[in-house]
Amino acid sequence: MKKFNFPRIARHMLSTHSQLKRVFPSNSLDAIERVIKQCEANHTGEIRFVIETALDCAALFAEQTTRERAIEVFSKVGVWDTEHNNGVLIYVLLADREVEIIADRGIYRKTGIDAWSQICQQIEAAFKQGLFEDGVIQGIRAVGQHLSTHYPASGQKINELPDKPVLL
């Protein structure tokens, strides 16, 4: 018999879009978009930031992890479709206060998983202190440093993906 994580299910069922707006008001989302744009000026990679309030019932009862959902979102928002396979998704599942970074194969081969795990931990630590915008901005800058190291800007850059944060 399958045992469900009822506290997690309740947390997701009680999470609302208005909570997301309280934690990430429009001025925070604008600041995050500006930082993505600034970081992307220094490299040829693409950074997408997605916040999801909560998982739906089907995902919860299937015990979908934050990482599994982030992989789905990676595909959904087209991060996998960059010319140099150097897109990076920063995904926040707000109900769980968890962060996942999914890097396309080009940049992943150059950095490995430890670099991304460390950035996720730093963002989550900021969240625990209530520093949501600051944590995300620091994370974006850290991702940008990896992209700048391995994919430095050269000539005119084409912005392949929107910089605006996605709210799910």
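Biologist: Which residues point one way from strand 1, and which point the other way?

Modeller: Glu46, Arg48, Val50 and Glu52 point one way, and Ile47, Phe49 and Ile51 point the other way. All of them are buried, on both sides. Buried means under 20% relative accessible area, exposed means over 50%, and partly exposed is in between (1.4 Å probe, protein chains only). Strands (E, at least two residues) and helices (H or I, at least four) are DSSP runs, numbered from the N terminus.

Biologist: Before we go on, what kind of model is this?

Modeller: It is a predicted model: local features need pLDDT of at least 70, side-chain atom pairs count only at pLDDT 80 or more, and totals for chains, interfaces and linings use all residues. Residues are numbered from 1 along each chain as its sequence is written, and side-chain values use heavy atoms, with hydrogens and water left out.

Biologist: What do strands do with their side chains in general?

Modeller: In a regular strand they alternate between the two faces of the sheet.

Biologist: What is the strand order in the sheet?

Modeller: The order is 3-2-1-4, in an open sheet of 4 strands with mixed pairing. Strand 3 and strand 4 are the edges, and each pairs on one side only. Two strands pair if DSSP finds at least two bridges between them.

Biologist: How many bridges join strand 1 to strand 2?

Modeller: There are 7, and the two strands run parallel. Strand 2 is residues 87–93. Ile47 has Val88 as its bridge partner there.

Biologist: And how many join strand 1 to strand 4?

Modeller: There are 2, and that pair is parallel too. Strand 4 is residues 166–167. Val50 is bridged to Val166, and Ile51 to Leu167.

Biologist: Now the helices. Which strands does helix 3 lie across?

Modeller: Helix 3 lies across strand 1 and strand 4, at about 160° to strand 1. Helix 7 also packs on the sheet, touching strand 1, strand 2 and strand 3. Its direction makes about 150° with that of strand 1. Axes are lines fitted to C-alpha atoms, for helices over the stretch in contact, and angles run from 0 to 180 degrees between N-to-C directions.

Biologist: At what angle do helix 3 and helix 7 pack?

Modeller: At about 10°, with axes 10 Å apart. Helix 3 is residues 26–40 and helix 7 is residues 132–150. They are therefore roughly parallel to each other. Angles under 35 degrees count as roughly parallel, over 145 as roughly antiparallel, 65 to 115 as roughly perpendicular, and the rest as oblique.

Biologist: Which residues meet there?

Modeller: From helix 3, they include Ala31, Ile32 and Val35. From helix 7, they include Val136, Ile137 and Ile140. Contact means heavy atoms within 4.5 Å.

Biologist: New topic. How many salt bridges are there?

Modeller: The count comes to 7. A salt bridge is a side-chain nitrogen of Lys or Arg within 4 Å of a carboxyl oxygen of Asp or Glu. One of them joins Glu52 and Arg69, at 2.8 Å from N to O. Glu52 is in strand 1 and Arg69 in helix 5 (residues 66–76), so the pair ties together parts 17 residues apart in sequence.

Biologist: Is Glu52 buried or exposed? And Arg69?

Modeller: Glu52 is buried, at 7% relative accessibility. Arg69 is buried as well, at 12%.

Biologist: What does Glu100 form a salt bridge with?

Modeller: With Arg67, and the closest N and O atoms are 2.8 Å apart. Glu100 lies in strand 3 (residues 98–103) and Arg67 in helix 5, so this pair ties together parts 33 residues apart in sequence. Glu100 is buried at 18%, while Arg67 is partly exposed at 32%.

Biologist: Last one. Where is Arg8, and what is it in contact with?

Modeller: Arg8 is in helix 1. It is buried, with a relative accessible area of 12%. Leaving aside neighbours within four places in sequence, its contacts include Leu55, Leu60, Leu93 and Asp96.
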